[in-house]
There are 2 protein chains.
Amino acid sequence: MKAIMLDKETYKQLLNQYISTQDEGALYRAERLTRNFIKKNILPEEIIDLHIQVLRETYPTIYEEMVYMCQFLLETMISYGLAIQENETLREKQL
Amino acid sequence: MKAIMLDKETYKQLLNQYISTQDEGALYRAERLTRNFIKKNILPEEIIDLHIQVLRETYPTIYEEMVYMCQFLLETMISYGLAIQENETLREKQL
């Protein structure tokens, strides 16, 4: 199982909490969760992929347009993932 | 005007094209657009912010839940933005 899947339920729980209450605490915990994702070398596009899974599970009858929008966003994040990996390679060379 | 806003219409057009047709060409052009965003030091959370604006404009009667979901995603991307900036600083020191 990919590392990010271990935290899927936590992500889902925080997201649902934020949707229901718009509680800043959920955002703060999401930020901490993301820092852990970064430490585990999880890329931004993997977060969007997780987000799409949670979106489908939370709203099973969601319009496909909403899913397509997220898939488009996922594509844009792939370039950021590549940029992060390139920087990481440079960093390793530097150490 | 922030650099990303100059490309808002292009982003909106590509996104709408993808939603209507699921055309891979729109994804390819989105990837090129994102590479330009990265060159202009635009951070991933700024893309999500742009995405939310386009979402609201494209679907003015959209459920607020969908917007909250994107706002939550935006928060997770802030940590990636910080990681990119930290790597960028290291890179500059290296050059």
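Trainee: What should I know before looking at residue numbers?
Mentor: Residues are numbered from 1 along each chain as its sequence is written, and chains are lettered from A and ligands numbered from 1 in the order in which they are written. The model is predicted, so local features need pLDDT of at least 70 and side-chain atom pairs count only at pLDDT 80 or more, while totals for chains, interfaces and linings use all residues; side-chain values use heavy atoms, with hydrogens and water left out.

Trainee: How many salt bridges are there over all chains?
Mentor: The count comes to ten. A salt bridge here is a side-chain nitrogen of Lys or Arg within 4 Å of a carboxyl oxygen of Asp or Glu.

Trainee: Why would side chains pair like that?
Mentor: Side chains of opposite charge can pair when their charged atoms come close.

Trainee: Which residue does A:Asp7 meet in a salt bridge?
Mentor: A:Lys40, at 3.2 Å from N to O. A:Asp7 is in the loop between helix H1 (3-6) and H2 of chain A, and A:Lys40 is in the loop between H3 and H4, so the pair ties together parts 33 residues apart in sequence. Helices are DSSP runs of H or I with at least four residues, numbered from the N terminus.

Trainee: Is A:Asp7 buried or exposed?
Mentor: Buried, with a relative accessible area of 15%. Buried means under 20% relative accessible area, exposed over 50%, and partly exposed in between (1.4 Å probe, protein chains only). A:Lys40 counts as partly exposed, at 42%.

Trainee: And what does A:Lys8 pair with?
Mentor: A:Glu57, the closest N and O atoms being 2.6 Å apart. A:Lys8 is in helix H2 and A:Glu57 in helix H4 of chain A, 49 residues apart. A:Lys8 is buried at 13%, whereas A:Glu57 is partly exposed at 37%. A:Lys8, A:Lys12 and A:Glu57 are linked in a network of salt bridges.

Trainee: What about chain B, where does B:Glu64 come in?
Mentor: Its side chain meets that of B:Arg56 in a salt bridge, 3.2 Å from N to O. B:Glu64 is partly exposed at 34%, and B:Arg56 is partly exposed at 38%.

Trainee: New topic. What is phi at A:Gln22?
Mentor: Near 50°, a positive value in a residue other than glycine. A:Gln22 lies in the loop between helix H2 (8-21) and helix H3 (24-39) of chain A, and is partly exposed at 30%.

Trainee: And phi of A:Asn41?
Mentor: Near 60°, again positive in a residue other than glycine. A:Asn41 is in the loop between H3 and helix H4 (44-58), and is exposed, with a relative accessible area of 57%.

How values were computed: Helices (H or I, at least four residues) and strands (E, at least two) are DSSP runs, numbered from the N terminus.
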